[in-house]
Amino acid sequence: MKIGVSGASGKLGGAVVAELTARGGGHELVAISRSPEKLSGTVEARQGDYDQPATILEAYAGLDRLLIIPSADLRVGVRGAQLKSAIDAALEAGVGHIFLISAAGTHEEADPSLGAAYWTGEQHLIKTAPRWTVLRMSYYAESMADEIKMSQGQGVLAGLGDEHVAYVSRDDLAAAAAGALLGHDHEGAIYTATGPVAVTGPERAAIVSELLGKPIGFAVITEEQFRAGLSQSGLPELIVEAFVEIKHTFVNGKFDIVTGDVQRLSGRSPKSLRDVLAQQLV
Ligand SMILES: NC(=O)c1ccc[n+]([C@@H]2O[C@H](COP(=O)([O-])OP(=O)(O)OC[C@H]3O[C@@H](n4cnc5c(N)ncnc54)[C@H](OP(=O)(O)O)[C@@H]3O)[C@@H](O)[C@H]2O)c1
């Protein structure tokens, strides 16, 4: 089988290619990026840009299965259009089965919401592709580790309310994606890769306190306070607004879902937030 990974130079895509390689099975792997020279390793590298349909049409040629990983482009409307382009190119190229990385809690949303692109991509895939699988991701435990590294000096972790988030390790998501790409009976399924439990804000702070050996609290602040803190750190407005929206999703339940899908697809238990923070913070 010939399996392509679009977005292979990224952190998630790189981990998927590594998982596919480790699992063997004699499949041919194709890693796709705008800059294939960035892709090192033993797999075939191809050039493909979601913004240039002719390049992805060529890159997806001859693939039996393709994983589409969305770009991290936060400009309004861009990612949704990219996903539609990638799906159309895969269909035109004759890819047999298209797999899409999406986000937990995806539902009908319009731009400028971050969720709009995932809704657009999922709907386009479901309506146009004869064989498809969606793998929704919960919030990355590694992204939370990065946030904690930035704010731990303040002695407090902030949120916009009563959070419940089933953080997933990016490596577990990658393992689940690899398992799905290599597996059978996943047609027409929407999976959600999550960690083993939904974690609240105070629980998150307690884990960090224990790991760092110093008291770290959890404080609920206003959106204005949160936005002001981020703006002061010099982050661009698009990123600030993305963080604000994400913090709201921690409270409104978008990531308050725990499934057995990592285990089901990858064959291994998902890491907890504590496992990932212990690796990243200590
Ligand atoms: N759930 C979460 O908590 C969470 C957290 C962070 C990010 N994410 C999302 O998860 C996805 C993957 O994350 P990641 O950490 O692997 O991101 P990443 O490291 O930034 O990788 C993004 C990938 O997208 C590719 N890409 C960017 N623009 C492209 C274009 N125009 N055409 C084709 N490929 C393009 C990049 O490849 P080249 O630049 O080599 O072309 C790269 O391989 C992204 O959608 C990101 O927004 C989710």
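Predicted model: local features only at pLDDT ≥ 70, side-chain atom pairs only at ≥ 80, totals over all residues.
Q: Which residues is isoleucine 3 in contact with, then, leaving aside its neighbours within four places in sequence?
A: With those neighbours set aside, isoleucine 3 is in contact with Leu20, His27, Leu29, Leu63, Asp64, Arg65 and Leu181.

Q: How far apart are isoleucine 3 and leucine 20 in sequence and in space?
A: Isoleucine 3 and leucine 20 are separated by 17 residues in sequence, and their C-alpha atoms are 9.1 Å apart in space.

Q: Is isoleucine 3 buried or exposed?
A: Isoleucine 3 is buried, because 24 other C-beta atoms lie within 10 Å, and the cut-off for a buried residue is 20 or more.

Q: Where is isoleucine 3 placed?
A: Isoleucine 3 belongs to strand 1, which covers residues 2–6.

Q: How many bridges join strand 1 to strand 2?
A: Strand 1 and strand 2 run parallel and are joined by 5 bridges. One of the pairings is between lysine 2 and its bridge partner in strand 2, glutamate 28.

Q: What kind of unit do strand 1, helix 1 and strand 2 make?
A: Together, strand 1, helix 1 and strand 2 form a β-α-β unit that is right-handed.

Q: Why is strand 2 described as largely enclosed?
A: Strand 2 (residues 28–33) has 5 of its 6 residues buried, so the rest of the structure largely encloses it. Strand 2 also runs parallel to strand 3 (residues 44–47), with 4 bridges joining them. Within that pairing, valine 30 has glutamate 44 of strand 3 as its bridge partner.

Q: Moving on to strand 6: how many of its residues are buried?
A: In strand 6 (residues 132–137), 6 of 6 residues are buried, and the strand is mostly covered.

Q: Which residues of strand 6 point one way and which the other?
A: Trp132, Val134 and Arg136 point one way, while Thr133, Leu135 and Met137 point the other way, and all are buried. In general, side chains in a regular strand alternate between the two faces of the sheet.

Q: What about strand 5 and strand 6, how many bridges join them?
A: Strand 5 (residues 97–103) and strand 6 are parallel and share 6 bridges. The chain passes from strand 5 through helix 4 (residues 115–128) to strand 6, in a β-α-β crossover that is right-handed. Among the bridged residues, isoleucine 98 has tryptophan 132 of strand 6 as its partner.

Q: And over how many bridges do strand 6 and strand 8 pair?
A: Strand 6 pairs with strand 8 (residues 189–193) in the parallel sense over 5 bridges. Threonine 133 has its bridge partner, alanine 189, in strand 8.

Q: A change of topic: what does the domain assignment give?
A: The assignment gives domain 1 (2–137) and domain 2 (139–168 + 195–256 + 271–282). Their centres, taken over C-alpha atoms, are separated by 28 Å. The contact between the domains takes 6 residues from domain 1 and 6 residues from domain 2. On the side of domain 1 that touches domain 2 there are 4 nonpolar, 2 polar and no charged residues.

Q: Finally, which residues come nearest the ligand?
A: Among the 24 residues around the ligand, Gly10, Leu12, Ser33, Arg34 and Ser71 come nearest. The shell divides into 9 nonpolar, 9 polar and 6 charged residues. Helix 1 (residues 11–23) contributes the largest share, 3 residues. Domain 1 and domain 2 each supply at least three residues of the shell.

Technical notes: Residues numbered from 1 in each chain as written. Near = placed C-beta within 6 Å. Helix = DSSP H or I, 4+ residues; strand = E, 2+ residues; numbered from the N terminus. Nonpolar A, V, L, I, M, F, W, Y, C, P; charged D, E, K, R; others polar. Domains from an automatic or database assignment. Buried ≥ 20, exposed ≤ 12 C-beta atoms within 10 Å, placed from the backbone. Pairing = 2+ DSSP bridges. Right-handed = clockwise from strand over helix to strand, strands pointing away. Contact = placed C-beta atoms within 7 Å.
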